[in-house]
Amino acid sequence: MNSSLSKNGSQIAGIGGYVPDRVVKNAELEKILDTTHDWIVQRTGIEERRWVHPEQATSDLCLMAADRALKNAGMDRLEIDCIIVATSTPDFDVPGSAPILQKKLGLGSVPAFEIRQACSGFLYGLQMADSFIKAGAYKKILLVGAEVQSKVLDMTPNGRNVSVIFADGAGAAIITPTILSKNSSGLFSIKIHTDGNFAQELSIPSPGSAIGPERLTATMLTEGKHFLHMNGKLVFTHAVTKMPQVLAESLNAAEFTQDQVDRFFFHQANMRINEKIGNDLKIPSSKIYNTIQKYGNTTAATIPLGMWDAFESGSLKKGDLLALTSFGAGFSWGSAILRF
Ligand SMILES: CC(C)(COP(=O)(O)OP(=O)(O)OC[C@H]1O[C@@H](n2cnc3c(N)ncnc32)[C@H](O)[C@@H]1OP(=O)(O)O)[C@@H](O)C(=O)NCCC(=O)NCCS
């Protein structure tokens, strides 16, 4: 962005996050998944994660994160004029979690969108919110990334490569208009991509319309089609290739250099992915904010949850230049450059 120009744009006016209070340590998984603490730590960097209590749904996590984001922005619930929820683990297959969250917030007939872009959901939602703001459609958008992954995991040794990784949590942001300039708070660029050739490499096949005359049958349940399935090695190799590419693309579009970025919030899929990207790009590890060691992979929530965690711990400050970068199911990936 040319520093001499100012133009209409959007900003993150508030950030919030929430994780369930149930801490699941690797030792607990050793008892059910034929795994070990050492394997999980060495391959993923995860030491513990949060899983919901049985009665908690995705919208409950959304609500907690949303209220914290509103408080952080100094706003009241009733000021929100649009809701976007990114999740791949909704309360109900239809209508998802967004309308449920809207009801829990008491927001009358405010429109509530839901997008299923898995790990890139927050960035896809951020581009939607930015576009809505620039078009003048809405002025105070609540954007939430949230998941209850623990309810789509195969909790037997068959699912151990997936079930040690995924977890539950939510992150929320309030998106409002701003006049963009190089030193102002605001979103300078956002780039997103999809490659549906790899749609089945990370997926929950059922309920779905692609595998037979019915969306869910007893056979599908027996075969575990309702669980999350992942080709881990393929995801890994694509993530460490696509994330640096899209990060460079977004930096270029924003006219900032990598060295100018204060904090990198990468999707939290695997600590080794983030370490490889950091090493390859020579990013100081102190600039990469990771939460995977304590929260696991919370899919659409990882980036806003990480921002909230960093803000709470004093590692993220107003005025910091941030790079947010994701990769996940679809495959889909994206990157945004913004000043907080
Ligand atoms: C899942 C992942 C950690 C697996 O690591 P990996 O090094 O690729 O491991 P592999 O799948 O090749 O399995 C290696 C061995 O460990 C075993 N294994 C898999 N999961 C295990 C677990 N939880 N505990 C113990 N052993 C396990 C495998 O059975 C295999 O055993 P074998 O050599 O006897 O056949 C890794 O592929 C990964 O992180 N991928 C990216 C995942 C990701 O980003 N997902 C989210 C996308 S948003």
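The legends below describe close-up views of a predicted model.

**View 1. Helix 1 packs against helix 2.** Two packed helices are described by the angle between their axes and the distance between the axes. Here helix 1 covers residues 26–33 and helix 2 covers residues 37–44. The angle between them is about 115°, and their axes are 8 Å apart. Angles of 65 to 115 degrees count as roughly perpendicular, and helix 1 and helix 2 are therefore described as roughly perpendicular to each other. Which residues make the contact? Helix 1 contributes Asn-26, Leu-29 and Glu-30, while helix 2 contributes His-37, Ile-40 and Val-41. Sorted by class, the contact of helix 1 with helix 2 has three nonpolar residues, two polar residues and one charged residue.

View 2. In the side chain of Thr-35, an N or O atom is 2.6 Å from a nitrogen atom of the ligand. For Arg-160, a polar side-chain atom lies 2.9 Å from an oxygen atom of the ligand. The side chain of Asn-270 has an N or O atom 2.4 Å from an oxygen atom of the ligand. How much of the ligand does the protein bury? Taken alone, the ligand exposes 960 Å², and the protein buries 73% of that.

**View 3. A cis peptide bond from Val-94 to Pro-95.** Most residues other than glycine have a negative phi, and most peptide bonds are trans. The bond from Val-94 to Pro-95 is cis, and its omega is near 10°. Pro-95 is found in the loop between strand 4 (82–86) and helix 4 (98–105).

**View 4. A cis peptide bond between Gly-330 and Phe-331.** Gly-330 and Phe-331 are joined by a cis peptide bond with omega of about -10°. Where does Phe-331 lie? Phe-331 is in the loop between strand 12 (321–328) and strand 13 (332–339).

**View 5. Glu-255 has a positive phi.** The phi of Glu-255 is near 60°, a positive value in a residue other than glycine. Glu-255 is in the loop that runs between helix 8 (232–254) and strand 11 (263–266).

Notes
Residues are numbered from 1 along each chain as its sequence is written. This is a predicted model: local features need pLDDT of at least 70, side-chain atom pairs count only at pLDDT 80 or more; totals for chains, interfaces and linings use all residues. Side-chain values use heavy atoms; hydrogens and water are left out. Axes are lines fitted to C-alpha atoms, for helices over the stretch in contact, and angles run from 0 to 180 degrees between N-to-C directions. Helices (H or I, at least four residues) and strands (E, at least two) are DSSP runs, numbered from the N terminus. Angles under 35 degrees count as roughly parallel, over 145 as roughly antiparallel, 65 to 115 as roughly perpendicular and the rest as oblique. Contact means heavy atoms within 4.5 Å. Ala, Val, Leu, Ile, Met, Phe, Trp, Tyr, Cys and Pro count as nonpolar, Asp, Glu, Lys and Arg as charged, and the others, Gly among them, as polar. A polar contact is a pair of N or O atoms within 3.5 Å; within protein, one must be able to donate a hydrogen and the other to accept it, and residues adjacent in sequence count only if both atoms are side-chain atoms. Accessible areas come from the Shrake-Rupley method with a 1.4 Å probe; for residues, only the protein chains shown count as cover.
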